[in-house]
Amino acid sequence: MELDMTCKLERPDPQALFNRYLNLFSSTVLGGASIIPESNEWYAASVNYAIAEQLYAVAEQAWKERDPREACCENLQELAAANGVYPRPAVFAQGYVKLTGTANTPLPSPLQFAIGLQNFITASVTTQPSEIGANGTVVIRVRALVAGPAGNTPGATGSMTTVVAGVSATVQVCGGSFCNGAVAEECEAFRARYLRRLQYNPRATNTWIIDKILEWPCATRALQRAGSCCRCADNLPADCENCGCKDCGGKMEFYVMFDNSFPCGIAPPGVVAEIQQWLFGSPQGYGLGQVEIGICGRVFAVNPLPIDLYIDIADCISTTQRTAIQNQIREFFSTISPSILLSSRSIETIIAGIVGADKNFSSRFELVDPLDAVNTSLSSCDLEPNCDFLPCVRNIYINQTGSGEGVCL
Amino acid sequence: MAICSVPAATRRKLFWATQPDACGSDEICGADCGSPGLSFINSPDGKTISTVGWLRGLVINMLMTDGKLTDSECGYRPGSQGGHWSESYIESGPATVGTLMRAVPATGRINENVNMIAAIAESTLQRLIARGVASKVEVTSKYLGNGRMQLSITIFGRGTENVNVGINAARLINGWVWN
């Protein structure tokens, strides 16, 4: 289907709009008679058109004011503020001055200086050296009292206006200049900076990688590897559930599902390997794939874990309800992630939504192949597949005898 | 017949299709005052509103609107060049509005001025024929003496309606005064 790229904000051609108002006036006032130029009707319709044109202009301008590329400065600042970005204020120039004097002479804090036409003060009261060094000099970081670029080049030497016995009033500006003094950021500079920020899309995030994976033909879901694949990051003994930091969050490890192409959406390992090479390159980390240089990761193949589902409903349900239950459960299985705990409570929520919560029903999972027991931990009513295994429903049995066949033990 | 006052209670505004005595007339303080309203015409094609005087209104619009002066390298003060912005939207026929007869300077021989004004007025009103609302236009001018002149205009409508319009002007030191 062709994508409709038509702009929804209408702005008719001026002549077409003028004619529209002529026709409107003619049909509603003149019974369809034509409007003669220079007549009162002509001027009345002209005024209507002019008002409409103004409304369109206002609408168009309002539209533009929501676009940071075209918004006026005041609205631009509001747009940016909503994203936590503000114009930079004027910055005070900072730099270093060297004092000379008698070794170990104590220095008060803060010290003040006059250099050229600018006045300066100790930049950090807490970190200012407390005395002249053993070699008779000490370097002090200072900042201008007035923000702006004028403080960057006040002069090569100046004087210390704070009188300290044993310390020379003449000070030397290290490097002959100071740095970072700047005026407040003006509108267009702020606009350019804000647009650069909006356009910056870091390629080392999970979100970006998931979006990229979904560009692969027929891929329907991209999932971060988690659940039973995670281990305790701080090597706490045994029970991972009591561990606050698991090692999955910081890893670039993903699954790719093809729900419309392969059974259970599980792609053959060869397909997964091809995606991994396309995404991360080979060898990894050299920018040979889609991700940035230095980014490494893996796309894991998923193993199917075939299961049957037993549902026991004591009350009577219709054929339509039975079909709906089966369809919705199969749809649910097309959304679950590998390595993630599957609870029978999820199945019963689906059933309750169809037959009502007041009905008496239960459900349980059963492995199709008992040998798969090594690939899962089936406890109570929950099924927790091992790492990289995905429960894949084969048969759904719905029993209405109330025999308790669906009760998990 | 004149409209002496519009009753405020009705909040009804005068419209160009309003006829001054459609709702009768009264003598108020010695004056014959019409009660304005719409006159309806019943015809085999249906009921419609009378627009008697419409053509006169159109002629007055044309002659009371200053036409657009030719562009000047020195330009004009805003709003002083004449014309109306809507003329650029006229799709068929002469794409101009108003007349240049008031641009005739108040210098030179006055008879030449009068003849030129009449010619311009007649040229202006030819647009009525081009736009299909008149079949013929006649303009006669007359110098009344003491710097005053009169234009007598007769418009022959497409039907039986003929319209007469008279305009007077007086030439002062710096220009013409129209009424």
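Is A:R364 buried or exposed, and what is its relative accessible area? A:R364 is buried, because its relative accessible area is 19%, and buried here means under 20%, with exposed meaning over 50% and partly exposed lying in between (1.4 Å probe, protein chains only). Before we go on, a word on the ground rules: this is a predicted model, in which local features need pLDDT of at least 70, side-chain atom pairs count only at pLDDT 80 or more, and totals for chains, interfaces and linings use all residues. Residues are numbered from 1 along each chain as its sequence is written, chains are lettered from A and ligands numbered from 1 in the order in which they are written, and side-chain values use heavy atoms, with hydrogens and water left out.

In chain A, three strands make an open sheet with mixed pairing, in the order β12-β10-β15. Its edges are β12 (361-367) and β15 (389-399) of chain A, each of which pairs on one side only. On average, neighbouring strands of this sheet are turned by 25 degrees against each other, direction ignored. Strands here are DSSP runs of E with at least two residues, helices are runs of H or I with at least four, and both are numbered from the N terminus; two strands pair if DSSP finds at least two bridges between them.

Strand β10 (residues 303-313) of chain A runs antiparallel to β12(A), and seven bridges join the two. Along this pairing, A:Y310 stands opposite A:R364 in β12(A), while A:I311 has A:S363 as its bridge partner. Six of the seven residues of β12(A) are buried, leaving the strand mostly covered.

Now for the helices. Helix α7 (residues 319-333) of chain A lies across β10, β12 and β15 of chain A and runs at about 175 degrees to β15(A). Helix α8 (residues 344-355) of chain A also packs on the sheet, where it touches β10 and β12 of chain A, and its direction makes about 140 degrees with that of β12(A). Contact means heavy atoms within 4.5 Å; axes are lines fitted to C-alpha atoms, for helices over the stretch in contact, and angles run from 0 to 180 degrees between N-to-C directions.

Back to A:R364, this time for its charge. Side chains of opposite charge can pair when their charged atoms come close. A:R364 forms a salt bridge with A:E366, with the closest N and O atoms 2.8 Å apart; the term means a side-chain nitrogen of Lys or Arg within 4 Å of a carboxyl oxygen of Asp or Glu. A:E366 is partly exposed, as its relative accessible area is 30%.

The structure holds 16 salt bridges over all chains. One of them pairs A:E38 with B:R127, whose closest N and O atoms are 2.9 Å apart. A:E38 lies in the loop between α1 (14-29) and α2 of chain A and B:R127 in helix α2 (residues 110-130) of chain B, so this pair joins two chains. Both A:E38 and B:R127 are buried.

A further salt bridge links A:D388 and A:R225, at 2.8 Å between the closest N and O atoms. A:D388 sits in the loop between β14 (382-385) and β15 of chain A and A:R225 in the loop between β7 (221-224) and β8 (253-257) of chain A, so the pair ties together parts 163 residues apart in sequence.
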